[in-house]
Amino acid sequence: MLFRKDFKSISGKNTVSVTSYKIGDSHYVYAGGVGKIDVYNLNIEGVLTPISNHELYKKTGPARGMVADNISGTNFLFVANKHGNVIETYKIANNGTLERVSLVEDTDNTYLSTAITLQVIHMKKASYLFVGGLEETPGLSCFKIEVNGKLTHVQSLKDNDTIHTDGIIGMFTHKIDGKTFLYTGGFQDNGVSSFRVYNNGKFKNINNISDNTTDRYLTGAYPVTGVTLGNEKYVIVGHRHHKYYKRAKFIKRTDFVYHGDGVSVFKVNKTGALVPHFVLKDDETTKLQGQTRIELVSKDNNEAILAVGTRDDASIQLLKLNKNGILSPLNYLETGFSIYYGLTSHKIGKDNFLIAGSFRFDLGKIVSYKIAPKINRNGKVLKHMVNLAYKNDATEAQIDEAIKAFINLKEEIPEIIDIEWALNDSTEGHSNGLTHCFILTFANEHAREIYLFHKAHLDLISKVGPLIKDVLVLDYWTRH
């Protein structure tokens, strides 16, 4: 089960992309949105502490693709600035802060316009950054990463009717018998492609698999990840189906057929090519509508745990992949916000965490979750107690209006079963000045998350917050 541990505000306009990185005993989280990248420390309890923020090139973005890695002893963060049409390289200091050291702008030969996804590949004598983009000039590009973080162009391949590189929103790498293979998803051309990558950074297409209406779910192929279990290598592909997009003319191929949502599993054969293997279909027990990110949480030789972030179901779905390549659902948490590419997994000691963000401009948060054994809540409801003290200069009319707004949340957020409130009547002298008590009842964790990040709740905090002097929040589980 997923248990929320913390959430913090961001300085950017939203959180589109999230990645994490470990330096020594310190763990850092990078949240990229429109205009800025925010840096946080993540501790062993999953608590996020803001460190710094850094402006993107031209104050634009969003920072759609981000990947951190060590190149010849130096730590770098590579950022795909989607609407800045550049790849930004930042040097990461030991305290997690960033210093921009390189910019690579789009040209007629590099296909960096609307850059979205990045993948670092380490070869024998050099490391390379692969870049995938969307919309105007789709294709796949490779750059050699110099020791100072600068990028030198190696090769670009323009999208065509055969390969699936029109809208590369996910990439993954496998190594087989000393050979390196890269796998890309094509959002607009509805499929996945395999590429052999050579030691000099050059690459060539191996095979391509398109969507169909029988055993594949690749319309709007979106997140791509992979895992090795025993002797088998797998690539896992999700999709955000084109039916979920409302913008006119954004989808290039409008003759698609909606045949449901699912996560597709491919085996990798000895030549590095993908072979269709298994599909986990979405049903009433899963949350797989509008998949935007698939993260590997943990693995051993026999199974892997995956987390799927969804935009349309606004959830994180946990899945198990066994050594035979069969996916099965474990559990999910309705996050209360749509995940739009912004999800990363991170391990501290023996504990696994997920850090998520949202493209919602009204949210402005980054959220951490710990993955732990499920707790049996059968027969119990969740009570959410909010104790308030209003400022001395708050008028009676303002307080009455604030109370009415709080009670009215039940009308705007159906996940609230009940709200009751009253004035504090204790005379023991231990109330610490708190005067108003509100108790909300929820059926489960999902309802609490939906309430917490609901626009109506956030609007209430924005409106009433300036009137509040002190607050104490307690949650507890109880029988009906």
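This is a predicted model: local features need pLDDT of at least 70, side-chain atom pairs count only at pLDDT 80 or more; totals for chains, interfaces and linings use all residues.
Residues are numbered from 1 along each chain as its sequence is written, and side-chain values use heavy atoms, with hydrogens and water left out.

**Overall build**
- You've got four helices and 32 strands here, taken as DSSP runs numbered from the N terminus (helices: H or I, at least four residues; strands: E, at least two).
- The C-alpha trace spans about 75 × 45 × 45 Å along its principal axes.
- Of the 480 residues, 58% count as buried, meaning under 20% relative accessible area with a 1.4 Å probe, protein chains only.
- Take the contacts (heavy atoms within 4.5 Å) between residues at least 6 apart in sequence: 57% of them join residues at least 24 apart.

**Helix α4**
- Helix α4 covers residues 455-464, and its buried residues are Ala456, His457, Leu458, Leu460 and Val464.

**Serine 141**
- Serine 141 sits in strand β12, residues 139-145.
- Its relative accessible area is 0%, so serine 141 is buried.
- Beyond its neighbours within four places in sequence, serine 141 is in contact with residues including Tyr111, Leu129, Phe130 and Ser156.
- The side chains of serine 141 and serine 156 are joined by a polar contact of 2.6 Å; that term means a pair of N or O atoms within 3.5 Å, one able to donate a hydrogen and the other to accept it within protein, with residues adjacent in sequence counting only if both atoms are side-chain atoms.

How values were computed:
Buried means under 20% relative accessible area, exposed over 50%, partly exposed in between (1.4 Å probe, protein chains only).
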